[in-house]
Amino acid sequence: MAYPRYGGGLGNFSNQMQMGQPMPGTGPAVLPGGYPAYPAYPDSYSSAGDPMWTYFTAVADQDGEVDAEELQKCLTQSGISGTFSPFSLETCRIMIAMLDRDYTGKMGFNEFKELWAALNAWKQNFITVDKDGSGTVERHELNQAIAAMGYRLSPQTLTTIVKRYSKNGRIFFDDYVACCVKLRALTDFFRRRDHLRQGVVSFIYDDFLQGTMTI
């Protein structure tokens, strides 16, 4: 089912890949409606031999969850940022908020696996649109990335995003990921209430605040 006026998939930058098929090593498939089919990791998931489990348990609390500071340490140790700067604490906070469905302010290993898939996809997207290899993306490159992820934004909204996340007209990887996290989280919040899939919803004030203040 298509969702008019907004999207939200992870993107597809390969001419050889068809919509609905995952790019090798970049995460989950993108459904025809523009929303990613994230893998489910049940409580019985086997962590044997999983390097991410090693990173995660090295910093997790006794309850098996991590807060923003622990997530930042975990992601830094994992090296997922590659040659880019490590993720800031604020970006780690909104990563947790994106997947914190029980509002504990923490993330379990299943959510961490889901985040890992999204981060790898966003990283590949960033590298793909950064054609000059500068380590940053400019407005036109961000526009390409957002469109490829399935979002249909107005020029005015794109301008707002660029102003929010750019430094001297350039967007660094950490800010790019923060932008992707917020786009996904807010779109998911909106989509859950858009029962007719028309791009129009009604909010009560408290519901709006709960959905936006946590991100």
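**View 1. The salt bridge between Lys106 and Asp61.** Asp61 is partly exposed, with a relative accessible area of 28%, and in this predicted model the side chain of Asp61 meets that of Lys106 in a salt bridge, with 2.9 Å from N to O. Because Lys106 belongs to the loop between α3 (89-99) and β4 (107-108), while Asp61 belongs to the loop between α1 and β3 (65-66), the pair ties together parts that are 45 residues apart in sequence. Lys106 is likewise partly exposed, and its relative accessible area is 24%.

**View 2. The packing of helices α1 and α2.** Two packed helices are described by the angle between their axes and the distance between the axes. Here helix α1, made of residues 51-59, packs against helix α2, made of residues 68-78, at an angle of about 145°, and their axes lie 9 Å apart. The crossing of α1 and α2 is right-handed. On the side of α1 the contact is made by Tyr55, Phe56 and Val59, and on the side of α2 by Glu70, Lys73, Cys74, Gln77 and Ser78.

View 3. An unreviewed UniProt entry lists residues 61-81 and 117-152 under "domain: EF-hand". In the model, residues 61-81 are 52% helix and 10% strand, and the C-alpha atoms at the ends of this span lie 23 Å apart. Residues 117-152 are 64% helix and 6% strand, with 23 Å between the end C-alpha atoms.

View 4. Arg184 and Asp188 form a salt bridge in which the closest N and O atoms are 3.6 Å apart. Both residues lie in helix α7 (residues 173-191), where they are four residues apart, about one turn of the helix. Arg184 is buried, with a relative accessible area of 5%, and Asp188, at 17% relative accessibility, also counts as buried.

**View 5. The salt bridge between Arg193 and Asp207.** The closest N and O atoms of the salt bridge between Arg193 and Asp207 are 2.8 Å apart. Arg193 lies in the loop between α7 and α8 (205-213) and Asp207 lies in helix α8, so this pair ties together parts that are 14 residues apart in sequence. Arg193 counts as partly exposed at 25% relative accessibility, and Asp207 is partly exposed as well, with a relative accessible area of 21%.

View 6. The structure as a whole holds ten salt bridges.

Key:
Residues are numbered from 1 along each chain as its sequence is written. This is a predicted model: local features need pLDDT of at least 70, side-chain atom pairs count only at pLDDT 80 or more; totals for chains, interfaces and linings use all residues. Side-chain values use heavy atoms; hydrogens and water are left out. UniProt positions are given in the numbering used here, feature names are shortened, and annotations may be inferred rather than shown by experiment. Helices (H or I, at least four residues) and strands (E, at least two) are DSSP runs, numbered from the N terminus. Axes are lines fitted to C-alpha atoms, for helices over the stretch in contact, and angles run from 0 to 180 degrees between N-to-C directions. A crossing is left-handed if the near helix is turned anticlockwise from the far one by less than a right angle, and right-handed if clockwise. Contact means heavy atoms within 4.5 Å. A salt bridge is a side-chain nitrogen of Lys or Arg within 4 Å of a carboxyl oxygen of Asp or Glu. Buried means under 20% relative accessible area, exposed over 50%, partly exposed in between (1.4 Å probe, protein chains only).
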